[in-house]
Every structure is written in structure tokens, then in C-alpha cells.
Amino acid sequence: MAIIGIDLGTTNTLASVWKNGTYELIPNSLGSYLTPSVVGVNDKGEILTGQTAKEQLGFRPEQTVSSFKRYMGTEKTWRLGEKNFSPQELSALVLTQIREDASRYLGEPVEEAVISVPAYFNDMQRQATRMAGRLAGLKVERLVNEPSAAALAYRMNLPGPGETLKTEELLPEEDQTFLVFDFGGGTLDISIVDAFDNVIEIVAVAGDNHLGGDDINQALAERFLAEKHLDEGNLTKEERASLLRESERLKRLLSSEEKGNMEVVIGGEIRQMELDQKGLLEVAAPVLESIGLPLSRAMTDSGYGWGDIDGIIMVGGSGKMPVVQNYLHFLSGKKPVCRIDPDVAVAAGAGIYAGMKERAGELRDMLLTDICPFTLGTEVTQEDRSAPSVMAPVIERNSTLPVSRMARYTTANPFQSHCTVRVLQGEHRLAEQNLCLGELDVEVPVGQDPGHREAIDVRYTYDINGILEIDVTVASTGKTTSRVIINKNIKMAEEELRLRREALQKLKISPRDQEINRVVLARGDRLFEENTGEVRQYVSRFMEEFTTALGTQNGRTIQEARERTTELFDIIENSPKKSVKLRLDKYLYDEWRRNQ
């Protein structure tokens, strides 16, 4: 059975597979490679995922959830229908759709996947991602850092879907160092990568799990509200959802156009805002400034200067934005590279990595090394007992995986009979400011001399899959106590896992065999909510006509009606509000003339 690679993204999720000597992106039931990472529930209590759920987000925001990847590994929940969902359960519903689409496309069951995660995800977030895969019925032995996957895709010099590579687009085969800038909807990852022979070695990583294109959407929304002297607190949920969606549309438009316009209906009145590239730069400036800190950390940790970097690879949908690319060009003096569509680069690499795991012949000699993104250490008491305890690093961040390191400590008090080794993850000097991954209690011999201090050797062993093993050896006796650390908030017994997976499977999942039609209906519902007056009447009329076509159960009739309805909805959505009716009238008149 094939192993697939999955890019579980904040905004979109997509998958690929290693096939016939190259990676192949897997389309969903709508024919798109991108499946929105959105989950909702409709008025029948059925669970919606992907594009259908995204369409519902605008007119039923209280029953739809997006951007939940930002909360992976936390205890946050969302109420949908009669049930509360954790971030990993919502992710599992999206992954289930991906698994089903992949099984349908490949013609065989898909039971195993390599899933990408932001390089800066901590242990809790990585375990939550692995759990989401298991809840979706997938065996997840390997996680791959997103920038590492993108670096692998670029290094292989393989064409994407329908592409023919030009010589100038190929990365040179000699040794090189490049920076992977992965800027998605909700996370930022920066990696410094050395590539030589068949080896891709990650040298340093840094990032921010709460910085992405969503923040620019929010900044645009705030600019709109300020310009129109509106208070966000007075907006309805539907108006806020519409405002954010229009902000995202304007952001995307300004990725290819010099000027753009956004329109939002608030309080029954059409409000408009025009923005150019200069205005977008002003709006995005705080977000761009926030990029500086992780970028500086990655460069410092690598020991390289800009002169040592051969190129900058852009990854993630937000990496397409000219303001982001120009900012990096300004800082580095190097023009960023976007040979592979930033939206699919990580998925492409995850598919290649899945092929490496399958030991595909073409990839047998490839080696991808990864690093520990956070420092792992032990809590120790300071000589001044009144002072707070601190973290003593054992494995420093950016250590190549797998890695094993040992440090010696002594007991803090006379006549001490046991000690507790607290395992920490993070970069703060004070222990309490870091993430505690677990504890290990160890008995030690009680000394007869008040000045006696027992020594213990603490060894941390950390592998590429995020499994941390702790060995504590008492120096005087040689007795070793060991424990494998897996976050207590994520780890669950097999029986509990089985019950939670069964609960998800029992949910009323909206059937996906006709999803292409349900997307049109959901889009119509959203447009009806967003518009007023005659345009709303038009939407209602088009919906009735399409529903009538669906009732015929005739494939050709439904296809023709779907194409027509989609064209009409495109006119409504993409035209200035004041000219929508005129353009609809022209379309319908031209249609009438053709049928005479």
C-alpha cells in the first residue's frame, strides 16, 4: 500500500505520493489539490469539511471553525452542533477527507502517511499532530519539518504538475546553502539548509507558530474599520466573517495587481476601501517587522552571513506576496525563488519523503537530516535557594538528530533520599518559563556526612520522530532509571484512542460523492446572506433553478446547470456591488438571445 505525504496546513491541506519516479499531487473530489482546513456543521447536524465548510464560514460562522492548527497541543475546544471538538479532532476530520480522496485517486486503501509540521512545533504540538493522524485512521510513524520537506522538493529538481523545467530554474548540483522561508496562513518557519551530494542537512531553524498571512488579513480588516470609523464590537458574526474574507481576497488580489478594492455590507450599507501596494506595505509593516526576530535567530544560530546564502526559497501561500518577497530582498540583497508553487512545495517534499520511507529505488541514496528545534534541559536549583530554579541545557537547539547528550548533576540538600528530574523544553533561563515535558523520580543513597552530595548522570536521547528517552544513572551505585517522555496531555491509552476514533466515525459526515454540487449550494447560501435587495432575489432565483436541475438526477442537465450557476455567482462575487445587477442583466439577456 502506498504511503502518502500530507501538508496539514493552517489554511489548506494537501497530499502527494511518490509515483513513477516523481512526486504526484493528489486532487480532492472537486479536482483541486488544495482542501481548505475548515470544519463545520450544517442545519441537519452533518459534519462538513473542506470547501463546503469554507463556503459556510461566511453565513454560519458560529457553526464553522478554521485556523485551528494554531491551537494544536492546547486544551482549546470548539462547539459544533452537540459536540465539543479539540484541535486534533478537527484536524482528524480534515485528514479523513484527505485519506478518502487519496484512496479514491490511487485505487487502493491508504493507511499510512508522513505528515509535515512547522519546524518550530514543540513536543506537545507534534504529538497532537500525530494523534490527529491516528484518529483519522492513519499510521503516522514519521513527521517531517515543513521547511525540510520544501528543501527536499527543490533539491530533487523535479517538475511539478504540468511543468517543464527550464535550465535556469534548476538548483545547481554542487554544494550550496539556502534559506527556506515558509510563511503560511498561521505559522512562520525559517530554515538554513546545506545541500551536498545526496544529503540535505538542516543547519538551523527558527520561527513563530502564531505569525502568518492570517495576521495580515486581520490588519487589513482593522484598517478598513478605522477608515470607515466602525467599531468591530458592533458588527454581527456574519459581518465580521465577511470582513475577514474580503480582507483575504484583497490581499490575494494585491499579490498580482497594483491596486485592489474590497466591499463589505455592514448594517445594510455597502462599504468600500481601495488599497494599493504602498498601502498594503503600510498595513503589513508590523507583521514584516515581526519576521525580523526569527530571521535573525536562524542566521545567528547557523553561523552564516548573507554572503554565505546561495538563495532564498519561498514556501507557503503568504510567501507569494510581493511585499514579503521585497522585504526579504531588501534585507538579504537576494531575489527570492518561487520555482515550485509555494502552496504545494511542502506537500511535494512530504510525498518525496514518503517515497524515501518506502525505500523507493530512485530515493534510496537520499538522506535528509533534521534538527532539534528547541533546547531540552533539566530544572536545577540555584545556590541561593530563595531564587527561582533555572534550566540547565542538555541538548541545545539545532542539534542534528538523532542526538544523545549527558550531563552530571548533584543533589541539592544533605541527607537527600531521592531527586526529581524535570524535563524542560524551551529557551528561557528560568525553568518555570519553559514547557515541562515530564518528570522522573530517582532514589539516591542517603549520605552520612552533611557535606555529601550524590551525583547523577542524566542522558537525553532524542530522535527524528520526536521521541525523547531519559536515562538517569546514580553515580555511586550505577543503577539506571529510564523513561520515554511523551506529553501527558496528548498521550492516551489505546482503549481511549479507539473510543475517540469510533466517536468521530459515528458523526454524521455529509456525503462527499456530490460535493461539487454542495459547494455551489453553500456558495449560494453565503451570497444570499451577503447581499440585499434585487441581487439577493437573483441569488434565490438561481438557487431554485439549480435545485430543480439537481432534482432531475440527469448528469448532463446537472453539469450544465452547475456551470451556469457558477458563472452567475462569479459575476455577483467579482463585480463591484453597484454594477452587479447590470452585469447579471446583460448575462441573462445574452443567454436569451443565444437560445432564440
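**Cysteines and a pocket**

Modeller: C419 counts as buried, at 10% relative accessibility (buried means under 20% relative accessible area, exposed over 50%, and partly exposed in between, with a 1.4 Å probe and protein chains only). This is a predicted model, in which local features need pLDDT of at least 70 and side-chain atom pairs count only at pLDDT 80 or more, while totals for chains, interfaces and linings use all residues. Residues are numbered from 1 along each chain as its sequence is written, and side-chain values use heavy atoms, without hydrogens or water.

C372 is buried too, with a relative accessible area of 1%. A disulfide is a pair of cysteine sulfur atoms within 2.5 Å, and by this rule the count is zero. For C372, the closest cysteine sulfur belongs to C436 and is 16 Å away, so a bond is ruled out by distance. C419 is in no disulfide either: its nearest cysteine sulfur, again in C436, is 15 Å away.

Now the second largest pocket, with a volume of about 490 Å³. A pocket is an open set of points on a 1 Å grid with protein on both sides within 12 Å along at least five of seven lines, and lining residues have an atom within 4 Å of a point; the volume is the space filled by probe spheres set on the points. The lining has 22 residues, and E379, V380, T381, T410 and A412 lie nearest the centre. Strand 19 (376-380), strand 21 (403-410), strand 22 (418-425) and strand 24 (455-462) each give two or more residues to this lining. Strands are DSSP runs of E, at least two residues long, numbered from the N terminus. Strand 22 supplies the largest share, five residues.

Key:
On a 1 Å grid over the protein atoms alone, a cavity is a set of points where a 1.4 Å probe fits but cannot get out, and a pocket is an open set with protein on both sides within 12 Å along at least five of seven lines; lining residues have an atom within 4 Å of a point. Helices (H or I, at least four residues) and strands (E, at least two) are DSSP runs, numbered from the N terminus.
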